[in-house]
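Biologist: I have not looked at this one before. Can you take me through it a piece at a time?

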Amino acid sequence: MIRTIKKRNKKNKRFPLIVSCVATACVFMALIWAAAILRSLPSPEQFGSRRVNQSTKIYDRAGGVVLYEIHGEEKRTIVPFEEISEFAKKATLAAEDVDFYNQPAFDIKAMIRALIIDLREGRFAQGGSTITQQLAKNALLTPEKTITRKIKEIILAIELESKYTKDQILDLYLNQIPYGGNAYGIEAAGKMYFGKSAADLTLEEAATLAAILKAPSHYSPWGDYKDELLGRKDYVLDRMADAGFISKEEAEAGKIKKLDFLPPSIGSIQAPHFSLMVKEYLIEKYGENMVMGGGLKITTTLDWDIQQAAETSVFDGSENNEKAYGSKNVALVAQDPKTGQILALVGSRYYFDLENEGNFNVALQGLRQPGSALKPFVYMTAFQKGFSPDTVVFDTPTEFDTRGGEDSYKPENFDGTTRGPVVLMNALAQSLNIPAVKVLYLAGVNDSLQNMHNFGITTLKETWRYGLSLVLGGGEVRLIDLVNAYGTLSQDGVRHDQVIILKVEDSSGNILEEYHDKTKRVIEPQFPRLVTQILSSPELRRPIFGSSITHTVFDGYDVALKTGTSEDHKDAWTVGYTPFLVAGVWAGNNDNTAMIRQGSSILAAVPIWSSFMNKIISKYSPERFVSPDAPAYSPKPMLNGEYVWKPEIGGVTYPQIHSILFYVDKRDPLGPFPENPSQDPQFQNWEISVQRWATTYIQGFGFGFNAQIPFSSVFELEKNNKQSGVNDVKISDLKPQNGEFISGPVTVGARVESESGLKKIELLINGSSVNGFELYGKKYDYWFFYSGKLLPQNVVELKVTNAGGFEHAEKSVFYAK
C-alpha cells in the first residue's frame, strides 16, 4: 500500500514537468511561426518606392478626349487625394469603414463578429476588415483566405498606421482597390462605368462605386444583378446620412436619380481603328511592358471634330451603299497635307461588326486595286518628260503590244465609246482609259512607279508584275498611302512624312517623343501644279460628272479630286484635296467580294467624300492653289495641241494625221522626229488605229501617212463634205446629260440635223435597241419616254443616218437613283 502511494506521488511530480515542457515547446514553435510570418511580411514602405502599374492613355490632338486606355491586367490611373470627389471619399467610408478616422488599424469587435459568423457557416463569409486592413491585403498580400494571412494583414495594418496618416491611407486605398473588370482605383472605375473622372462623380455615382466594392463581379452594372447593385447603392446613401456625411433629403434624392452607365467595352475606345494603330506603333517602339503598365500619355494627331464627321459620313454612306450596291464597308482617311498629320481615320464602317470584318483596318492594311486613282502620277511623269496638258493623243480603239507582238492588251473607256483626238488635260479630267494607257507608255512604267513611291505609295514594289494596265489599277495600294501621295500633290511636290503622334510622355511628365515635321521635295513644283490645275477645274471634269458636278464644287474653295473604280467593281475610290486638307474614301467589301449592280466611284464613293468635305471645309479659310507656269511651246505636231500635220512640199501643203509616235521618240519627246517611227514596238498598232479613225472621219479620202491630197485643214474638208451631203449629221442637246442622276422613267431627247436630209433614227439603251423609225426633212426634235429596266450606270446611244447613208451616233452615261 505504501509502495503504491509512493509510485503515485512520483507520477504526480512528473506531470507538471511534462506540461511545462509541452508549453515551452508550443511557445517556442509559436515564436518560430511568428518570426516566419514577420520575415515573410512585405515592408509597408514599399508604398513609397514600389512602381504601380498605370494605364497608358491615348488622347486626341487637343488632349480633351481619351480615345483609348491601354492596360495589362490592371487598368489604373493614380490621382491626387484632393482631386477625388468628397462624395467618393465619404461614400467609401460609409460602405466600408465608417469609423476609419476614429479607430485603430483593426476593429476587434468587427473581427470577433465576423469570426462567429464564419464559424457558424463553416467558411470565410465575413471579412471584418478596416480600410487599412483591406489596403494591406489588396496591395501587399495574396488573396488567400487563411488565419496566417489574417495575422499578416493585422500586423501590416498596424505598421501602415504607424507610418502614414489616415488621409494618406485613404488616398492609397482609393487608388488601389479593385472595382471590377480591369478597373483598379476610383479614377479608372469612374471612367469605365460613367465616363467621368473621380473629381466629377456625383453623389449617386459615388455611392454606386462604393456599393460595387463589396463584391465587384457580383455587383457589376452589366451583369445579372444590377437591381441588387442599385439596392446596395441606396443602402450606402442611407449609411452616409446616418453618419452625418449628407442629409436625409440628399440621400432620398440620390436614390431616385437615374444612373447612365456606359456600355461595356464599346464605351472604352474611340476611333478604334486609329487608336489600335497607335497602340501597335507604341508597342513596337517602347515594348509591351512599358505600354501596358507605364502610364504613358499619348497625344495623337487626331482631330476629334473631324473624326466624328468622318464616322458619320462613313456610317450613313455605307448604309446607302449596302442597300444599293451590296457594299457593306467604307474607309476614310483625312490628313493635313502641310504637316503629314492624320486628322481622321475610319478603317471600316463599324469596328465591332465582326460578321462583316468591321475590325479590319482597310485604310491601313487593305491592299486594293485603285482603278484610275493613279492616273495623276502617270500624267505628271509625262509632263516631267516634256509633254504638256495640250499634248494630243488619239482616243481610238487600240491594241497595245505587251510581249513583242505575241500578246496584246486592248483597254476600253468607262462608257465604251472613243472620242478621237483629245488633249491630255481633258483625257485626265474625264478619266479616259485608252489615252491613259498611251500616256503611261510615253512616260514609262518604271519612271511613273518611281514618282508614285516618291510621293508616298509604299506598295507596288514588285515592278516585274506591272505593265501598261498599272494606270488603270493593275496593282494594289493602301488608302492611307494614296492620301499621302495626293497630299504631296497638294503641296506642289513636297512630301511630309505621315504621322499619327504629336507627343509621348512618361508617367512623370518627361517627354519621350515629340512631333517634328520631316519633309522632302521629290519633284519640281511645276509638274504637280499642272496636274492640280487640271484636277481642280470643274469645267474640265463636268463631262464625266454631268449634273453630279455639285458633289465636287465647294463655293469659294479650290478643290481638286480624282476618282477610281477597279475593273471588277470590288473597289470604288475618291481622293480630293485643297491646299490645307486631303481626304480619301474607299468603298467596297472587306472580304473583297464585288459590289453588285455595277457600283462605281461616282455612285459609291463620291457622295461619301462630298458629305465629309461639306461637314468640315468651313472650319478652314479658303486658300488658292498656286498656278503653274505656262508650259514651253513646242512646234511639233501633237505636242503643240494640233493633230493635223501640214508639211509643205514644193509650196504645196500635204495635211497628214498620225499617232503621236510618228512625231515623238518617247525617250526624247522634245527632240527631233524619229528617223524610223516603226522601230517603236507600239507604233504599228497605234498608227493603224489612228488611220482607221481618220479614214472614217474624212469618209474615204485616203488621208494618212503618205497622203497626197492637198487641202488646207481637216476643218476645210469637213466644210466640203457638208456641201456634198457627207458627214453632216449633227446630234445636239442629248438628254439625259452625261453623269446625270435619274429617278423613275427616263425622258430621252435630242435635236438632230442634216443638210443632206435625215433618213433614220435609232435609240439604244445599254446596247439594246428600244426605239427607231424613218425620218424626213433636215431637222427633227426627238423625244422618247423609256420606262424599262435600268442599271445603276446606263448608256444611252442615239444613232442617226442621213440621206447619203452616213451614220452618226452620240452617247451619254446616266445613273439611276
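Biologist: Is Glu462 exposed, partly exposed or buried, then?

Modeller: Glu462 is partly exposed, at a relative accessible area of 37%. Buried means under 20% relative accessible area, exposed means over 50%, and partly exposed is in between, using a 1.4 Å probe and protein chains only.

Biologist: Before we go on, what sort of model is this?

Modeller: It is a predicted model, where local features need pLDDT of at least 70 and side-chain atom pairs count only at pLDDT 80 or more, while totals for chains, interfaces and linings use all residues. Residues are numbered from 1 along each chain as its sequence is written, and side-chain values use heavy atoms, with hydrogens and water left out.

Biologist: Back to Glu462. Which residue does it form a salt bridge with?

Modeller: Arg465, with the closest N and O atoms 2.9 Å apart. A salt bridge here is a side-chain nitrogen of Lys or Arg within 4 Å of a carboxyl oxygen of Asp or Glu. Arg465 is partly exposed, with a relative accessible area of 36%.

Biologist: How many salt bridges does the structure hold?

Modeller: There are 25. One of them pairs the side chains of Asp395 and Arg419, at 3.9 Å from N to O. Asp395 lies in strand β8 (residues 392-395) and Arg419 in the loop between β10 (408-409) and β11 (420-423), so this pair ties together parts 24 residues apart in sequence. Helices (H or I, at least four residues) and strands (E, at least two) are DSSP runs, numbered from the N terminus.

Biologist: Asp395: buried or exposed?

Modeller: Buried, with a relative accessible area of 0%. Arg419 counts as partly exposed, at 30%.

Biologist: What about Glu755? Which residue does its side chain meet?

Modeller: Lys778, in a salt bridge of 3.9 Å, N to O. That pair links distant parts of the chain, 23 residues apart: Glu755 is in the loop between β25 and β26 (758-765), and Lys778 is in the loop between β27 (768-774) and β28. Glu755 is exposed at 54% relative accessible area, and Lys778 counts as partly exposed at 46%. Elsewhere, salt bridges that share partners join Asp238, Glu252 and Lys255 into one network.

Biologist: You mentioned β25 and β28. In what order do the strands of their sheet come?

Modeller: The order is β23-β25-β28, an open sheet of three strands with antiparallel pairing. Two strands pair if DSSP finds at least two bridges between them. At the edges are β23 (730-735) and β28 (779-786), each pairing on one side only. Eight bridges join β25 (residues 746-753) to β28, and Val746 has Tyr786 as its bridge partner in β28.

Biologist: And β26 and β27, what sheet are they in?

Modeller: They belong to an open sheet of five strands, ordered β24-β30-β29-β26-β27, with mixed pairing. β24 (741-742) and β27 are at its edges with a single partner strand each, so one side of each has no neighbour in the sheet. β26 and β27 pair in the antiparallel sense over six bridges, and Glu762 stands opposite Gly772 in β27.

Biologist: What happens at its ends?

Modeller: Asp303 caps the N-terminal end of α14, with a side-chain oxygen 3.1 Å from the backbone nitrogen of Asp305. Just after α14, Gly326 takes a positive phi of about 70°.

Biologist: Why call α21 largely enclosed?

Modeller: Because eight of the ten residues of helix α21 (residues 526-535) are buried. Among them are Phe527, Leu530 and Ile534. The buried residues of α21 pack against elements including α16 (375-384), α20 (479-490) and β17 (571-577), where contact means heavy atoms within 4.5 Å.

Biologist: Last one: where is Thr132?

Modeller: In helix α5 (residues 131-140). Thr132 counts as buried, at 1% relative accessibility. Thr132 and Ile154 are 22 residues apart in sequence and 8.9 Å apart in space, C-alpha to C-alpha.

Definitions and conventions:
A polar contact is a pair of N or O atoms within 3.5 Å; within protein, one must be able to donate a hydrogen and the other to accept it, and residues adjacent in sequence count only if both atoms are side-chain atoms.
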